[in-house]
Amino acid sequence: MTSKERVAAALNHRPPDRVPIDFGSTTVTGIHVSCVAALREHYGLERRPVYVHEPSQMLGRLDEDLKQAMGVDVNGVFRRKTMFGFSCENWKLWRTPQGLEVLVPGAFETTTGDNGDIYIYPEGDLHAPPSARMPAEGYFFDAIMRQEPIVEEQLNPEDNLEEFQPIADADVASLKAEVEAAAAGGRAVVATFGGTAFGDIALVPAPFLKHPKGIRDIAEWYMSLSSRRDYVHAIFARQCETGIANLAKIHAAVGDLVDALFICGTDFGTQSGTFCSVNTFRDLWLPYYRHVNRWVHANTSWKTFKHSCGSVDRFIPSFIEAGFDILNPVQCSAANMDASHLKADYGDRIVFWGGGVDTQKVLPFGTPGEVRRQVLERCRIFSAGGGFVFNTIHNVQARTPVENIVAMIEAVHEFNGVAVHA
Amino acid sequence: MPELRELYDAILNGDHKTSAAVTREAIDAGIEPMELVSGYMVPAMDEVGKRFECEDYFIPELLLSARAMKAALELLRPLLAASGAKSAGRVVIGTVKGDLHDIGKNIVGAMLEGGGFEVIDLGADVAPQKFIAAIKERNPQLICLSALLTVTMPSMKTTIEAFKEAGVRDGVKVIVGGAPVTAEFAREIGADGFGENATAAVALARQLLQAA
Ligand code: B12
């Protein structure tokens, strides 16, 4: 099987020849730039700075040579604008607080505060207020809350829709070029076209906008789910309409070269429970998700991908009902998220993309032997009958020992009965 | 005479406008601030905590109630200070260095405030030095450390060690919490306690400060 066929089999709940592997195809299945650099060194690849393709979490780009060394089956396509509103172009060198030289987009403009904190600016505009901050010895950026005072009577859903506009033809053209390039290598393609993330808390503060309006503070947003539900419905409804219109335009250009579409990264789970009730989910999100998923399934061959951290066991039936094909990151370390239970109860109806190894304890702090054992066990549980794409539970975090990452990859290959790469 | 039960209801229902309005009326009517706090606000937040635990309330409702409680507390604070009323204890809270998750920390802070404690919130990504400065300047009895990233959990240990080095560890109780934190980890790093959630944090704070 080619990588594409392998992923297709898994996504259609047919047993593939081996467990397909994803690293780097989305901004929630990636690897911190420092670990990408360490992996390049481990595999003896050309020594050169790694590209930071997602500057807020500082995710490193996995280039062809590394993907081959790791045996990755998936390529990612990303929207043109990053979290800070600039595109990945005009690369330049930048030194991380830990002294690693990396490549960042040209508009990655920063200033340093008195205490050494690093500030970054939307669209690289140093005249706008900074939209995120990396602590002096930090590894990634966090959004700065830029909430204008709220005057209840003047709140207008339009204010929260600035980032959800009809896609420009130039952006469609660039996505088309990217999708074609991604599909050319024989790997499966996961695309993040944007526009269908409903209330993703990482996007609400809008670090990509210079002067965000509406509700942009995280706590204020969560409260609005209960106290301003009509307002949130109005945002979601408009977003849904524009999002589907954009998908139609994009689909007309890229066709069925895409295997899976990243729809939404809104987290519904915490370590021990959920952010809202199942009823709230069904009132506020399910109708819009269903709309988007129905459109995709009626008009394309794409599978739809939902990311939600935490203990979402009780939400999975509703995710399935909403038409999602794929769930990520399958946080088995959260309450009621035991791998065997998930596979037995939902495995025939939803694909688990992730869950391959715990990133809270085992991968960063375990021994290579512990990593191997858990990976083998998870592959055994999740891969039966297809319906599984291997990935860690969320991005591989900075300071994760490279021996552990390698032990993880080798364990997947061992499970697959594939000779381990040099 | 204001209907004080409305204060309880306003907090429970997360209605900060009514909560402030009733409090203002009560102040004008000369009602003792402490009566409002212990008679209505603390019981309301207790009930909020219970509803959160049995999943009748979720994060949005909890944040709304916390805001309503704070709206009342803000008005009462100067009066409480002037009357020399004693809080249940003074608490310094923060998310440790390197970690910016603060939703859980804010909820714990609010529930402690709702439980009658005086809470000084240092925010997120708080360096040990900042905690130490707050201990020296503000004289708290309890320090609450929150962490959501396993990679920042070691910062909890570093923080407690820095307290020892600075000679301030013995004067305070330290409790820890956050998604990946366990009771075992708390013991390992020499904390005085661990709380699974915000209600547990309040119970633990009461227990530790009573014993002290
Ligand atoms: C919401 C969220 C975010 C938001 C945070 C917004 C904010 N301002 O806080 C955003 C999107 C910005 C974010 C960013 C990131 N996140 Co995050 N995030 C979460 C998520 C989904 C929920 C956390 C939460 O708010 N829970 C709700 C609150 C109420 O629960 P709580 O914090 O646990 O608090 C309760 C108790 O623990 C307790 N408690 C808390 N503190 C204290 C303190 C004391 C003293 C006591 C007694 C009790 C106590 O009481 C609280 C109330 O009951 C978790 C998933 C999870 N499993 O937890 C991931 C998670 C914590 N994030 C994770 C990661 C990796 C990140 C990022 C690095 C991005 C990335 N994915 O690569 C960044 C880094 C941010 C940073 N610098 O710290 C990982 C951590 C993995 C690890 N190795 O530890 C998790 C587990 C997701 C995952 N599946 O891997 N995140």
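**A first look around**

Q: Where is P329(A) found?
A: Happy to start there. The model is a predicted one, and P329(A) belongs to the loop that runs between β13 (326–328) and α10 (339–346) of chain A.

Q: What kind of peptide bond joins N328(A) and P329(A)?
A: A cis one, with omega at about 5 degrees. For background, most peptide bonds are trans.

Q: Okay, over to backbone angles in chain B. What is phi for E55(B)?
A: Phi of E55(B) is near 60 degrees, so the value is positive even though the residue is not glycine. You'll find E55(B) in the loop between α3 (33–53) and α4 (59–83) of chain B. E55(B) is partly exposed, its relative accessible area being 31%.

Q: And what about phi of N139(B)?
A: N139(B) is not a glycine, and its phi is positive as well, about 60 degrees. N139(B) sits in the loop between α6 (128–138) and β3 (142–146) of chain B.

Q: Is N139(B) buried or exposed?
A: Exposed, with a relative accessible area of 60%. The cut-off for that word is over 50%.

Q: There's a cobalt atom in the ligand. Which protein donor does it have?
A: H101(B) is the only protein donor of the cobalt atom, through NE2 at 2.3 Å. H101(B) lies in the loop between β1 (90–95) and α5 (103–114) of chain B.

Q: Switching to charges: which residues gather in the patch of negative charge on the surface?
A: That patch brings together E3(B), E6(B), E25(B) and D28(B). One of them, E3(B), is in the segment before α1 (5–12) of chain B.

Q: How many salt bridges are there over all chains?
A: A search of the whole structure gives 37.

Q: Which residue does D73(A) meet in a salt bridge?
A: R6(A), with their side chains 2.8 Å apart, N to O. D73(A) is in the loop between α3 (64–70) and β3 (74–78) of chain A, while R6(A) is in helix α1 (residues 3–11) of chain A, so the pair ties together parts that are 67 residues apart in sequence. Both D73(A) and R6(A) are buried.

Q: And D117(A), which residue does it form a salt bridge with?
A: R133(A), and the closest N and O atoms are 2.5 Å apart. Here D117(A) comes from the loop between β6 (110–112) and β7 (118–120) of chain A and R133(A) from strand β8 (residues 132–134) of chain A, so parts 16 residues apart in sequence are tied together. D117(A) is buried, and R133(A) is too.

Q: What about D283(A) and R229(A), how do their side chains meet?
A: In a salt bridge of 3.0 Å, N to O. It links distant parts of the chain: D283(A) is in helix α7 (residues 278–284) of chain A and R229(A) in helix α6 (residues 229–254) of chain A, 54 residues apart. D283(A) counts as partly exposed at 34% relative accessibility, and R229(A) is partly exposed at 23%.

Q: Which residues are linked in a network of salt bridges?
A: E46(A), R48(A), R61(A) and D63(A).

Q: Last one: how far apart are A182(A) and V77(A)?
A: In sequence, A182(A) and V77(A) are 105 residues apart, and in space 7.0 Å, C-alpha to C-alpha. A182(A) is part of helix α4 (residues 169–184) of chain A, and A182(A) is buried, with a relative accessible area of 7%.

How values were computed: Residues are numbered from 1 along each chain as its sequence is written. Chains are lettered from A and ligands numbered from 1 in the order in which they are written. This is a predicted model: local features need pLDDT of at least 70, side-chain atom pairs count only at pLDDT 80 or more; totals for chains, interfaces and linings use all residues. Side-chain values use heavy atoms; hydrogens and water are left out. Helices (H or I, at least four residues) and strands (E, at least two) are DSSP runs, numbered from the N terminus. Buried means under 20% relative accessible area, exposed over 50%, partly exposed in between (1.4 Å probe, protein chains only). Patches are made of residues with over 30% relative accessible area and no salt bridge: like charges are joined within 9 Å, nonpolar side chains (Val, Leu, Ile, Met, Phe, Trp, Tyr) within 5 Å. Accessible areas come from the Shrake-Rupley method with a 1.4 Å probe; for residues, only the protein chains shown count as cover. A salt bridge is a side-chain nitrogen of Lys or Arg within 4 Å of a carboxyl oxygen of Asp or Glu. Lys and Arg count as positive and Asp and Glu as negative; His and the chain ends are not counted. The place of a charge is taken as NZ of Lys, CZ of Arg, CG of Asp or CD of Glu. Donors are N, O and S atoms within 2.8 Å of the metal (3.2 Å for Na, K and Ca); water is not among the atoms, so sites may look incomplete.
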